[in-house]
Amino acid sequence: MKLLTVIIRPEKLSSVTAALHTIGISGMTISDVRGQGIQKGTRTLYRGVEYQTDFILKNKIETVVSDDLYEEAVEAVIEAARTGAIGDGKIFVTDIADVIRIRTGEHGRAALGQ
């Protein structure tokens with residue numbers, strides 16, 4: 001199993017979650033986050049005054065996927081989130097030793113519902 005931590009543009013959230021639902025991944029946690037990468041912030045104009053924003057608003061999606069869905073999930077996220085411009089985001093992949101559903105005590109893929 002793999003934990004996918006996906007950082008994307010806020011305007012791509014609905015298309016990425018729809019792409020994950022299409023391949024059978026429905027369990028995920030979504031957070032509003034702020035961060036900085038290669039872009040190192042942006043300049044915005046507000047009422048004629050230019051401001052430097054050091055941290056850019058992004059969305060973080062965390063989901064655990066079974067090994068057989070991993071490649072398909074990564075490709076679905078890339079296809080749904082890519083604009084071709086700086087700031088499209090990142091996917092971080094972490095190995096997961098086990099998942100346990102508290103209600104039933106199920107382990108592994110059964111606990112994921114995939």
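In the predicted model, D95 is exposed, with a relative accessible area of 58%. Its salt-bridge partner K2 is buried, at a relative accessible area of 18%, a value that falls under the 20% limit for burial. The side chains of D95 and K2 meet with an N to O distance of 2.5 Å. Because D95 belongs to strand β6 and K2 to strand β1, the pair ties together parts that are 93 residues apart in sequence. The two residues are also bridge partners in the pairing of strands, D95 being the partner of K2 in β6. In β5, the bridge partner of K2 is V65.

Strand β1 pairs with two other strands. With β5 the pairing is antiparallel and runs over seven bridges; with β6 the pairing is likewise antiparallel, over seven bridges. Six of the seven residues of β1 are buried, so the strand is largely enclosed by the rest of the structure. In a regular strand the side chains alternate between the two faces of the sheet.

A further antiparallel pairing joins β3 (residues 42-46) and β4 (residues 49-53) over five bridges. Within this pairing, T42 has T53 of β4 as its bridge partner. The hairpin formed by β3 and β4 has two residues between the strands, and R47 takes a positive phi near 55 degrees there.

The buried residues of α2 are L69, Y70, A73, V74, A76, V77, A80 and A81. These residues cover an arc of only 165 degrees around the axis, which puts them on the same side of the helix. An α-helix has 3.6 residues a turn, so residues three or four places apart point the same way. The face of α2 turned away from the buried side carries the exposed residues D68, E71 and E79. The cover over the buried residues of α2 includes β1 (2-8), α1, β5 (56-65) and β6 (89-95).

The largest nonpolar core has 18 residues, and those with the most contacts inside it are L4, V16, L20, I25 and A73. At least two residues of this core are supplied by each of β1, α1, β5 and α2. Its largest share, eight residues, comes from α2. Another core, of five residues, lies apart from the largest one and has M1, L3, V64 and A111 among its members.

The C-alpha atom of A73 is separated by 9.3 Å from that of G24, although the two residues are 49 residues apart along the chain. G24 is found in the loop between α1 (13-22) and β2 (29-35). With a relative accessible area of 41%, G24 is partly exposed.

The structure holds five salt bridges. Side chains of opposite charge can pair when their charged atoms come close. Besides the bridge between D95 and K2, one is formed by D68 and R109, whose closest N and O atoms are 2.9 Å apart. This pair links distant parts of the chain, with D68 in helix α2 and R109 in helix α3 (residues 109-112), 41 residues apart. D68 is exposed, with a relative accessible area of 51%, whereas R109 counts as partly exposed at 39% relative accessibility. The value for D68 lies over the 50% limit that defines an exposed residue.

In another salt bridge, the side chains of E106 and R101 meet at 3.6 Å, N to O. Both partners count as partly exposed: E106 has 30% relative accessibility, and R101 has 25%. Salt bridges that share partners join R9, E11 and D88 into one network.

How values were computed: Residues are numbered from 1 along each chain as its sequence is written. This is a predicted model: local features need pLDDT of at least 70, side-chain atom pairs count only at pLDDT 80 or more; totals for chains, interfaces and linings use all residues. Side-chain values use heavy atoms; hydrogens and water are left out. Helices (H or I, at least four residues) and strands (E, at least two) are DSSP runs, numbered from the N terminus. Buried means under 20% relative accessible area, exposed over 50%, partly exposed in between (1.4 Å probe, protein chains only). Two strands pair if DSSP finds at least two bridges between them. The arc is that of the directions from the helix axis to the C-beta atoms. Contact means heavy atoms within 4.5 Å. A nonpolar core is a set of buried Ala, Val, Leu, Ile, Met, Phe, Trp, Tyr and Cys residues joined through side-chain atoms within 4.5 Å. A salt bridge is a side-chain nitrogen of Lys or Arg within 4 Å of a carboxyl oxygen of Asp or Glu.
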